[in-house]
Amino acid sequence: MGAEALLPLSLFSNRTVRVSSIASVMLGMAMFGGLATLPLYLQIVKGATPTQAGLMLVPMTLGIMSGSILTGQLISRSGRYRIFPIIGSATLACAMFAMSFVGADTTLPLTMTIVAFFGAGLELNMQPLTLAVQNAVPPRMIGVATASATFTRQMGGTLGTAVFLSLLFAQAPVRIGESIQTLAPTPAFQTALQDPANGEFAAQFQQAAAAGTDPGVAFGGVLQDSSSLTTLDPALARPFLIGFSEPMDMVFIASACVMALCFLVMLRLPEVTLRSGSAYAERAQEDAADAARAGATTAPISTAPISTATTASAPTATTPREPQDGPA
């Protein structure tokens, strides 16, 4: 479809659009990877319900709101936007790296503080990148450019969610099994195992040990339903908490590496002067110029009167009729 396509490929010949699209893919990977992992950490490791886990993400929303207000005010006053995605990608990379140190014993206030910086880093990237793309294209392409910015970010989010959650749940059973084998000989674990209140878990544990089954495989069902951990003895639940938080650290390290690459891409983002007027006014000027060009290239239609001069009529030959049947 060429220029009439839903997403014209010629759009990416613009350097600002091209750099912003690559950065948006990386940003989406890190953003959705973190957003998919954090609620799982809060529910499985911290024992929160889905509703409580959602409320615990309010600091991230506050970070997004504060970042949106800050960037909007500063960009409108200075007319410059390039510095904000650079700062935002660096902030997001640092927040991801800090989240890799969050474990089973990390306090919630510290975790929520890091989550707030996570949200601020997101907003320092999202809105300025959208603004950069809108400002770099002609007024007629603003809608397509805005859609392309959202499309590339969602594509990155789809890829990040698939890759990071696959990494998380592939490593979690292995790490849980290693944690159980490490903590099983400890006095606290053995004492809790002998408690009659934990008889069901003790029977399952002894059955797995007798069969030589990997503990991570035997108790892998806890990843599908973590509600049992809230009622389990803390000494018996601790291997599961550690076993899940360790692969989560790997996910955040991978996200931090993606954002470090995104930071390098942001350095290639050009600074284009923001529009001083309305894009609608520019669109009207373009339409008027097109109409003028169309009128100049159209051949004028002649309005000269048609000559009505008569000439002497020459005798015309007549074709004789063929005789017809019937009476004369």
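At 2% relative accessibility, Ser24 counts as buried, where buried means under 20% relative accessible area, exposed over 50% and partly exposed in between, with a 1.4 Å probe and protein chains only. The coordinates come from a predicted model, in which local features need pLDDT of at least 70 and side-chain atom pairs count only at pLDDT 80 or more, while totals for chains, interfaces and linings use all residues. Residues are numbered from 1 along each chain as its sequence is written, and side-chain values use heavy atoms, with hydrogens and water left out.

Ser24 sits in helix H1; helices (H or I, at least four residues) and strands (E, at least two) are DSSP runs, numbered from the N terminus. Leaving aside neighbours within four places in sequence, Ser24 is in contact (heavy atoms within 4.5 Å) with Leu129, Ala149, Thr152 and Arg153. The C-alpha atoms of Ser24 and Phe151 are separated by 8.9 Å, although the two residues are 127 residues apart along the chain.

The protein as a whole has 12 helices and 0 strands. Of its 328 residues, 39% count as buried. Among contacts between residues at least 6 apart in sequence, 83% join residues at least 24 apart.

Confidence is expressed as pLDDT, the predictor's confidence in each residue, from 0 to 100. Its mean over the protein is 80, and 78% of the residues reach 70 or more. Where pLDDT is low, the predicted coordinates should not be read in detail.

Helix H3 can be followed in more detail. The helix covers residues 58–78, and at 1.5 Å a residue its 21 residues should span 30 Å; the end C-alpha atoms are 30 Å apart, which agrees. The expected span is 1.5 Å times one less than the number of residues. In H3, Met60, Gly63, Gly67, Thr71 and Ile75 are buried. These residues cover an arc of only 75 degrees around the axis, which puts them on the same side of H3; the arc is that of the directions from the helix axis to the C-beta atoms. An α-helix has 3.6 residues a turn, so residues three or four places apart point the same way. The face of H3 turned away from the buried side carries the exposed residues Leu62, Ile69, Ser76 and Arg77.

What covers the buried residues of H3 includes helix H1 (15–45), helix H4 (83–99) and helix H5 (108–136). Thr71, which is found in H3, counts as buried at 2% relative accessibility. Not counting residues up to four places away in sequence, Thr71 touches Phe84 and Leu124. Just after H3, Gly79 takes a positive phi of about 75 degrees.

A search of the whole structure finds 2 salt bridges, a salt bridge being a side-chain nitrogen of Lys or Arg within 4 Å of a carboxyl oxygen of Asp or Glu. One of them joins Asp105 to Arg238, with the closest N and O atoms 2.9 Å apart. This pair links distant parts of the chain: Asp105 is in the loop between H4 and H5, and Arg238 is in helix H11 (residues 234–266), 133 residues apart. Asp105 is exposed, with a relative accessible area of 58%, whereas Arg238 is partly exposed, with 33%.

Another salt bridge is formed by Glu246 and Arg175, whose closest N and O atoms are 3.4 Å apart. Glu246 lies in helix H11 and Arg175 in helix H6 (residues 142–183), so the pair ties together parts that are 71 residues apart in sequence. Glu246 counts as partly exposed at 30% relative accessibility, and Arg175 is partly exposed, with a relative accessible area of 22%.

The cysteines remain. A disulfide is a covalent bond between the sulfur atoms of two cysteines; here the criterion is a pair of cysteine sulfur atoms within 2.5 Å. The structure holds 0 disulfides. Cys94 is exposed, with a relative accessible area of 53%, and Cys257 counts as partly exposed at 45% relative accessibility.
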